[in-house]
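Work through the exercises below with the structure open beside you. Try each task before reading its solution.

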Amino acid sequence: MTSPTQPADPVRRVAVTGSSGKLGRTVVAHLAERGYDVLALDRTRPASPGTPFVAVDLTDYGQVLEALSGGVDEHTTPVDAVVHLAAVPAPGLVTNAATFANNSAATYNVFAAARALRIRSIVWASSETVLGLPFDTPPPYVPVDEEYDPRPESTYSLNKALEEEMARHFCRWDPELTMVGLRFSNVMDIEDYAAFPSFDADASLRKWNLWGYIDARDGAQAVRLGLERTVPGVEVFVIANADTVMSRSSADLVAEVFPGVEVRKELGEHETLLGIDKARRVLGYEPQHSWRDHAG
Ligand SMILES: NC(=O)c1ccc[n+]([C@@H]2O[C@H](COP(=O)([O-])OP(=O)(O)OC[C@H]3O[C@@H](n4cnc5c(N)ncnc54)[C@H](O)[C@@H]3O)[C@@H](O)[C@H]2O)c1
């Protein structure tokens, strides 16, 4: 048995669900680059093949169990970690009940199959939405962080909050299990940055997520750091970039849009209001990218 102070064997063979999606594509590439042996799982085939891929409908437990256990012909090595990103990725894309049915079943099946197979490392995508987006009710303070209870305001977010709760119980059932929930901000690829200067005109345009974002490459960094974590138990982390999407200062934005909300630290000029101090401290996360490097 591995104690919290004793590093486990490094994870090498990792399944990534949602591998064909926006974040999944970058995560797969990043992990492969870093020497991980990646098995890509999605119900949609990847646009550019390369990484070993199996089409799986994660709402079917049998398919999940088969894929993770190395039961699929041509993909016979069991995995020792799972990165679970597959989901309907936002509210309102399909009906609420369809969002809930897909996302809750997929996540339960991944967590439960991992448990059955004694996979002891799970990193999964939670969401910034559990912090109270779209903040029609103002945040309790800024920068927001992991210190207050989830405040889901949509079915999509409710499901993410329930997944965090589910993870707590899976870790209670298996004291050797490490689960890392990443509350990603709005995922951006480089080509998305062209639109950022247009956000400046109206502070209310991006108030819904406190003007935050996450560069997919920094999201992938956070996933890898989650896989490197060996302390058993569940932890959740807000994962955003170090700055906002705006040219105006963060202090100005708060004063205009959320007057009266407590500002808990002295804010840097463009400092994120989605607090990443816990991710920095516990995971060693440090964003490497900013939309400002791609502007103009
Ligand atoms: N995009 C964002 O801004 C954002 C923000 C916070 C959190 N997240 C979370 O990050 C994760 C990845 O988001 P994304 O932007 O890459 O989404 P995406 O839609 O681009 O990718 C999700 C992938 O999951 C797959 N999928 C969904 N249900 C499935 C199922 N039942 N079986 C197999 N595959 C299934 C889809 O085919 C798709 O390829 C999601 O969990 C999402 O909720 C996204």
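A crossing of two helices is left-handed if the near helix is turned anticlockwise from the far one by less than a right angle, and right-handed if clockwise. Keep in mind that the model is predicted.

**Exercise 1. Describe how α3 passes α4.**

Solution. 
- Step 1: take the axes. Those of α3 and helix α4 (residues 155–173) come within 9 Å and cross at roughly 15°.
- Step 2: name the arrangement. Angles under 35 degrees count as roughly parallel. α3 is therefore roughly parallel to α4.
- Step 3: The crossing of α3 with α4 is right-handed.
- Step 4: find the residues that meet. From α3 they include Phe100, Tyr108 and Phe111, and from α4 they include Tyr156, Leu162 and Phe170.
- Step 5: sort the contact by class. α3 and α4 bring together seven nonpolar, seven polar and two charged residues.

**Exercise 2. Work out how α2 and α3 are placed to each other, and what their contact is made of.**

Solution. 
- Step 1: the axes of α2 and α3 cross at roughly 45° and come within 9 Å.
- Step 2: α2 and α3 are therefore oblique to each other.
- Step 3: the hand of the α2 and α3 crossing is right-handed.
- Step 4: count by class. The contact of α2 with α3 has nine nonpolar residues, one polar residue and no charged residues.

**Exercise 3. Do the analysis for α1 and α5.**

Solution. 
- Step 1: helix α1 spans residues 22–33 and helix α5 spans residues 216–228. Their axes come within 8 Å and cross at roughly 60°.
- Step 2: α1 and α5 are therefore oblique to each other.
- Step 3: α1 and α5 cross in a right-handed way.
- Step 4: Lys22, Leu23, Thr26, Val27, His30 and Leu31 represent α1 in the contact. Ala216, Arg217, Gly219, Ala220, Val223 and Arg224 represent α5.
- Step 5: the residues of the α1 and α5 contact divide into six nonpolar, three polar and three charged.

**Exercise 4. Which residues are closest to the ligand, and which element gives the largest share of the shell?**

Solution. 
- Step 1: the ligand is surrounded by 25 residues. Gly18, Gly21, Ala87, Pro89 and Ala125 are the closest.
- Step 2: pick the largest share. α1 supplies it, with three residues.
- Step 3: sort the shell by class. The ligand has 11 nonpolar, nine polar and five charged residues around it.

**Exercise 5. Find the backbone features at Pro134, Pro143 and Glu74, and place each residue.**

Solution. 
- Step 1: recall the background. Most residues other than glycine have a negative phi, and most peptide bonds are trans.
- Step 2: go to Pro134. The peptide bond from Leu133 to Pro134 is cis, and its omega is near 5°. Pro134 sits in the loop between β5 and β6 (141–142).
- Step 3: go to Pro143. Val142 and Pro143 are joined by a cis peptide bond with omega about -10°. Pro143 belongs to the loop between β6 and α4.
- Step 4: turn to Glu74. Its phi is near 75°, a positive value in a residue other than glycine. Glu74 lies in the loop between α2 (61–69) and β4 (81–84).

**Exercise 6. How many helices and strands does the protein chain have, and how compact is the chain?**

Solution. 
- Step 1: count the elements. The protein chain has seven helices and 11 strands.
- Step 2: Along the principal axes, the C-alpha atoms of the protein chain fill a box of roughly 55 × 40 × 35 Å.

Key
Residues numbered from 1 in each chain as written. Predicted model: local features only at pLDDT ≥ 70, side-chain atom pairs only at ≥ 80, totals over all residues. Axes fitted to C-alpha atoms, helices over the stretch in contact; angles between N-to-C directions. Helix = DSSP H or I, 4+ residues; strand = E, 2+ residues; numbered from the N terminus. Parallel < 35°, antiparallel > 145°, perpendicular 65-115°, else oblique. Contact = placed C-beta atoms within 7 Å. Nonpolar A, V, L, I, M, F, W, Y, C, P; charged D, E, K, R; others polar. Near = placed C-beta within 6 Å.
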